[in-house]
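Here are some friendly notes for your read-through. Please keep the viewer open while you go through the points.

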Amino acid sequence: MTAAPVALISGASRGIGLAIAGKLASQGWSLSLGMRTPSMPGFADPTRTQLQHYDAAEGGEADWVASALARFGRIDAIVANAGIMIPKSVIDAEDEDLDAMFSVNVKAPRRLVKAAFGPLAATGRGRVVILASLSGKRVKSADSGLYAMTKFAAVALSHGIRQSGYHLGIRATAVCPGFVSTDMARAITDRAEETMTRPEELADVVAMLIGLSNTASVAEFAVSCALEESY
């Protein structure tokens, strides 16, 4: 078993997931990176980094967990970052659109945490971060409505994990950002790049959250790049 703590990060090939991986690597974590097209990041130490082919739409979470355990012997944190958005209103969308987003944004992270629940509990301080969205707290526009349905569910998933694992030392947090400077945000807004939250800022948030002790549980953490009524 490795002495370093181990984190599994989905959607780790770019954007927020890649930034989180870089931050945790700099803090000495060993990493198992879930990527649709596995590629070793430039910052990574190959002796402490495992690449796993993982597509949240296809499943395979139990296999990923088994592979990480075989490599490192432990799992200390899950960062469920993979997500998709189909910008349609609840009126214009079809069931297939909702099913596709629920599959990636809600069902896949639930399966991943379920598969890793035993190893997380074994550490006495397992950590789970669900990358949700401010769309999991409010519906900002018509075209974000369907996406918001899945992100509200992602926030509820995080709370459910927290309730299920608290007595085992597992802590779960729903991180809820607004616009982040990623490909997903650029596709749906004309907001200037410099006015959006940077992935590296969210990486700092995630590193802080999973580093807190068991007596400093944070259920939700909202981050916004704009002035809103509540966030």
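**Notes on the core, the salt bridges and the surface**

1. Leu 120 counts as buried, at 0% relative accessibility. Buried here means under 20% relative accessible area, exposed means over 50%, and partly exposed is in between, with a 1.4 Å probe and protein chains only. The place of Leu 120 is in helix α3. Helices (H or I, at least four residues) and strands (E, at least two) are DSSP runs, numbered from the N terminus. From C-alpha to C-alpha, Leu 120 and Leu 168 are 8.7 Å apart in space and 48 residues apart in sequence.

2. A word on the basis of these notes. This is a predicted model, where local features need pLDDT of at least 70 and side-chain atom pairs count only at pLDDT 80 or more, while totals for chains, interfaces and linings use all residues. Residues are numbered from 1 along each chain as its sequence is written, and side-chain values use heavy atoms, with hydrogens and water left out.

3. Next, the core. The largest nonpolar core has 29 residues, and Leu 8, Ile 75, Ile 78, Leu 120, Val 128, Ile 130 and Ile 161 have the most contacts inside it. Two or more residues each come from β1 (6-10), α2 (61-72), β4 (77-80), α3 (95-123), β5, α4 and β6 (171-177). Helix α3 gives the most to this core, with six residues. A nonpolar core is a set of buried Ala, Val, Leu, Ile, Met, Phe, Trp, Tyr and Cys residues joined through side-chain atoms within 4.5 Å. In soluble globular proteins, nonpolar side chains tend to be buried together.

4. On to charge pairs. A search of the whole structure finds 13 salt bridges, each being a side-chain nitrogen of Lys or Arg within 4 Å of a carboxyl oxygen of Asp or Glu. One of them joins the side chains of Arg 14 and Asp 183 at 2.8 Å, N to O. Arg 14 lies in the loop between β1 and α1 (15-26) and Asp 183 in helix α5 (residues 183-186), so the pair ties together parts that are 169 residues apart in sequence. Arg 14 is partly exposed, with a relative accessible area of 48%, and Asp 183 is partly exposed at 44% relative accessibility. A network of salt bridges links Arg 14, Asp 183, Arg 186 and Glu 193.

5. Glu 228 lies in the segment after β7 (220-223) and Arg 138 in the loop between β5 and α4, so the pair ties together parts that are 90 residues apart in sequence. Glu 228 is buried, with a relative accessible area of 16%, and Arg 138 is buried, with a relative accessible area of 18%.

6. The side chains of Asp 45 and Arg 48 also meet in a salt bridge, at 3.7 Å, N to O. Asp 45 is partly exposed, with a relative accessible area of 30%, and Arg 48 counts as partly exposed at 26% relative accessibility.7. Now the surface. Asp 92, Glu 94, Asp 95, Glu 96, Asp 99 and Asp 143 gather in a patch of negative charge. Patches are made of residues with over 30% relative accessible area and no salt bridge, with like charges joined within 9 Å and nonpolar side chains (Val, Leu, Ile, Met, Phe, Trp, Tyr) within 5 Å. Lys and Arg count as positive and Asp and Glu as negative, while His and the chain ends are not counted. The place of a charge is taken as NZ of Lys, CZ of Arg, CG of Asp or CD of Glu. Asp 143 lies in the loop between β5 (127-131) and α4 (145-165) and counts as partly exposed at 42% relative accessibility.

7. Val 90, Ile 91 and Met 149 make a nonpolar surface patch of about 310 Å². Accessible areas come from the Shrake-Rupley method with a 1.4 Å probe, and for residues only the protein chains shown count as cover. Val 90 is found in the loop between β4 and α3, and at 49% relative accessibility Val 90 counts as partly exposed.

8. Finally, two C-alpha separations to check in the viewer. Ala 142, in the loop between β5 and α4, counts as exposed at 56% relative accessibility. Arg 110, found in helix α3, and Glu 193 are 83 residues apart along the chain, and their C-alpha atoms are separated by 32 Å.
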